[in-house]
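My notes follow in the order I took them.

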Amino acid sequence: MDFKRVEGIFLAVFLFLNMFLFYVYQEGKPKQDTSSSRSISENIEERLKADEISLPHSLSSKSKQGYYLSAEESELVVEAKESLKNQEWQVNNSKLFSQLPRRNDIDVSDKDEVKKVKAFIAQKQNVIKGDEYVMNAHESSSNKKYVFSQVWEDIPFYDETSQLAIYLSKNEGNRLMVDSYEQTYLNNIEPLRDQQAIVSEREAVISLYTNNSLQPGSKIKWIDLGYTRIFTIRGKNVYVPAWFIAVESSKNSVKTERVDAFSGSIISSNVSER
């Protein structure tokens, strides 16, 4: 028996669990000034209006369920060799890049452009496991690029480790065609804990407001729930559900904030790796 190998496996598992438990502990610590937070929660809409902060729609107070998840980034090489046809592809750092010499025409004047792109990715010879992705309208641009996110139990991964980007271009006859695409995919997705309640959309906006991440005169362009990676260890990623909130400042710059959907705390942009 290779005791050093076994010892290394146990060490990796120990570190993985400790990082996860430390994150859960930090996020679960009680917040201060609960009376102030309660006051803001009761009249958040009035406060936003007074600060001239606009919303895309009425804030929902509905709570959903989600998981802490672990997953591995797939190399996609084996799957590509088995299923992809009529395209030139390569994989670098777990991302598949594909060019289509024989491109599928999409007429520019066709009102079903989105439908045709979805039909393209649904075919196994075109895209690996395309049926496991849903369209991300916020990052898509008509006639140019369509972005899709891998989904797990009705919640998408808004993360670069599980994304499909379809690029379009026009031919000499001014017809729009699928030109190329980039893809990442997650394997072995597993819950790390039992399902638990997610803070509401309204509570997520309150968190941004109380943490001074919503400045007077700003505009919330959209709000979506999705999984985001919080750290990586020995090839395994840990994901947490988060509210993604796109905020446009008075200077017309847009920043997408992430609010931990379990604790309501703001997630930094850094991903810890071990």
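**Arg-47.** I began with its accessibility. Arg-47 comes out at 30% relative accessibility, so I logged it as partly exposed. Its place is in helix α3. I then took a C-alpha distance to Tyr-209 and got 9.3 Å. Along the chain, Arg-47 and Tyr-209 are 162 residues apart. I kept in mind throughout that this is a predicted model.

**Overall counts.** I listed the secondary structure next. I got 6 helices and 16 strands. The protein has 274 residues, and 42% of them are buried. I also checked how far contacts reach along the sequence. Taking contacts between residues at least 6 apart, I found that 64% join residues at least 24 apart.

**Salt bridges.** How many salt bridges are there by this rule? I counted 6. I went through several of them.

Glu-45 pairs with Arg-202, with 3.0 Å from N to O. Glu-45 sits in helix α3 (residues 44–50) and Arg-202 in helix α6 (residues 201–210), so this pair ties together parts 157 residues apart in sequence. I compared the two ends. Glu-45 is partly exposed, because its relative accessibility is 32%. Arg-202 has a relative accessible area of 14%, so I filed it as buried.

Glu-72 meets Lys-236 in another salt bridge, at 3.2 Å from N to O. Glu-72 belongs to strand β2 (residues 69–73) and Lys-236 to strand β14, so parts 164 residues apart in sequence are tied together here. Glu-72 is partly exposed at 27% relative accessibility. For Lys-236 I also read 27%, which again counts as partly exposed.

Glu-257 and Lys-255 form a salt bridge with an N to O distance of 3.7 Å. Is each end buried or exposed? Glu-257 is buried, with a relative accessible area of 11%. Lys-255 is exposed, at 53% relative accessibility.

I also found a network of salt bridges. It links Asp-159, Glu-160 and Arg-229.

I looked for a buried charge without a partner. Glu-248 is buried yet has no salt bridge. Which side chain of opposite charge is nearest to Glu-248? I found Lys-221, 4.3 Å away. Glu-248 lies in strand β14 (residues 236–248). I listed its contacts, leaving out residues up to four places away in sequence. Glu-248 touches Ser-218, Lys-219, Lys-221, Ser-253 and Val-254.

**Second largest pocket.** Two elements give two or more residues to the lining: β13 (219–233) and β15 (254–260). Which element gives the largest share? I found that β13 does, with 3 residues. By type, the lining splits into 5 nonpolar, 7 polar and 5 charged residues.

**Ser-162.** I picked this residue for its burial. Ser-162 has 0% relative accessibility, so it counts as buried. Its place is the loop between β8 (155–156) and β9 (163–170). Ser-162 touches Tyr-133, Phe-148, Ser-149, Gln-150, Phe-157, Thr-184, Tyr-185 and Leu-186.

**Positive phi.** Last, I checked backbone angles at residues other than glycine. Glu-52 has a positive phi of about 60 degrees. Glu-52 is in the loop between α3 and β1 (65–66). At 63% relative accessibility, Glu-52 counts as exposed. Asp-154 also has a positive phi, about 75 degrees. I placed Asp-154 in the loop between β7 (145–152) and β8. Asp-154 is exposed too, because its relative accessibility is 75%.

Methods: Residues numbered from 1 in each chain as written. Predicted model: local features only at pLDDT ≥ 70, side-chain atom pairs only at ≥ 80, totals over all residues. Heavy atoms only, no water. Helix = DSSP H or I, 4+ residues; strand = E, 2+ residues; numbered from the N terminus. Buried < 20%, exposed > 50% of the residue type's maximum accessible area, 1.4 Å probe, protein only. Lys, Arg positive; Asp, Glu negative; His and termini not counted. Salt bridge = Lys/Arg side-chain N within 4 Å of Asp/Glu carboxyl O. Contact = heavy atoms within 4.5 Å. Nonpolar A, V, L, I, M, F, W, Y, C, P; charged D, E, K, R; others polar.
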